[in-house]
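Subject: Structure handover

Hello,

Here is the structure for you to look at. Please open it beside this email and follow along.

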Amino acid sequence: NKADRITGFSLKDGDTLQLDKDSFPGLNKIRFRSTASIDQFNRELKQDSSMIYFQPSGELYFDANGRQPGLGDDGQSGLFAILKDGPALSGADIAMI
């Protein structure tokens, strides 16, 4: 698994995820969606979201192909981070640098 494992992430302490724009080809704007069930996650795969968070397991995905089914090319999209204990993230907690 190529995903980064993030431990000790604390919204209470003001932590944010800072993503290198060069690592996310074609991403100009973060369209973040948090999901709580596998059904909700699967529905979100068909929407125009660029970051999908599956909170129960803390998995954060890059969806490179917008409304197309799935996440896009495996080499450029998919699971990229796993946050220990699945904190309640929002789009405001993620920034491109």
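Predicted model: local features only at pLDDT ≥ 70, side-chain atom pairs only at ≥ 80, totals over all residues.

**The pocket**

Start with the largest pocket. Its volume is about 220 Å³. How many residues line the largest pocket, and which lie nearest its centre? The lining has 15 residues. D4, F24, L79, F80 and A81 are the ones nearest the centre. Strand 6 gives the largest share, with four residues. Sorted by class, the lining holds eight nonpolar, five polar and two charged residues.

**The aromatic rings**

Now turn to the rings. A pair of aromatic rings is described by two things: the distance of the centres and the angle of the planes. Searching the whole structure gives five aromatic pairs.

Look at F41 and F54. Their rings are 6.0 Å apart, centre to centre. The planes stand at 70° to each other, and the pair is edge-to-face. Why does this pair tie together separate parts of the sequence? F41 sits in helix 1 (residues 38–44) and F54 in strand 4 (residues 51–54), so the pair joins parts that are 13 residues apart in sequence.

Are these two residues buried or exposed? Buried means under 20% relative accessible area. F41 has 8% relative accessibility, so F41 counts as buried. F54 has a relative accessible area of 15%, so F54 is buried as well.

F41 also pairs with Y61. Here the centres are 5.0 Å apart, with 55° between the planes, and the pair is tilted. This pair links distant parts of the chain: F41 is in helix 1, Y61 is in strand 5 (residues 59–62), and they are 20 residues apart. Y61 is buried, because its relative accessible area is 13%.

F24, F62 and F80 make up one cluster.

**The loop residue**

Last, find K46. It lies in the loop between helix 1 and strand 4. Is K46 buried or exposed? Exposed means over 50% relative accessible area. K46 has 56%, so K46 is exposed. Then find G26. K46 and G26 are 20 residues apart in sequence. In space, their C-alpha atoms are 18 Å apart.

Best wishes

How values were computed:
Residues numbered from 1 in each chain as written. Heavy atoms only, no water. 1 Å grid on protein atoms, 1.4 Å probe; cavity = no way out; pocket = protein on both sides within 12 Å on 5 of 7 lines; lining within 4 Å. Points joined across faces, edges and corners; volume = space filled by probe spheres on them. Helix = DSSP H or I, 4+ residues; strand = E, 2+ residues; numbered from the N terminus. Nonpolar A, V, L, I, M, F, W, Y, C, P; charged D, E, K, R; others polar. Phe/Tyr/Trp six-rings, centres within 6.5 Å; stacked < 30°, edge-to-face > 60°. Buried < 20%, exposed > 50% of the residue type's maximum accessible area, 1.4 Å probe, protein only.
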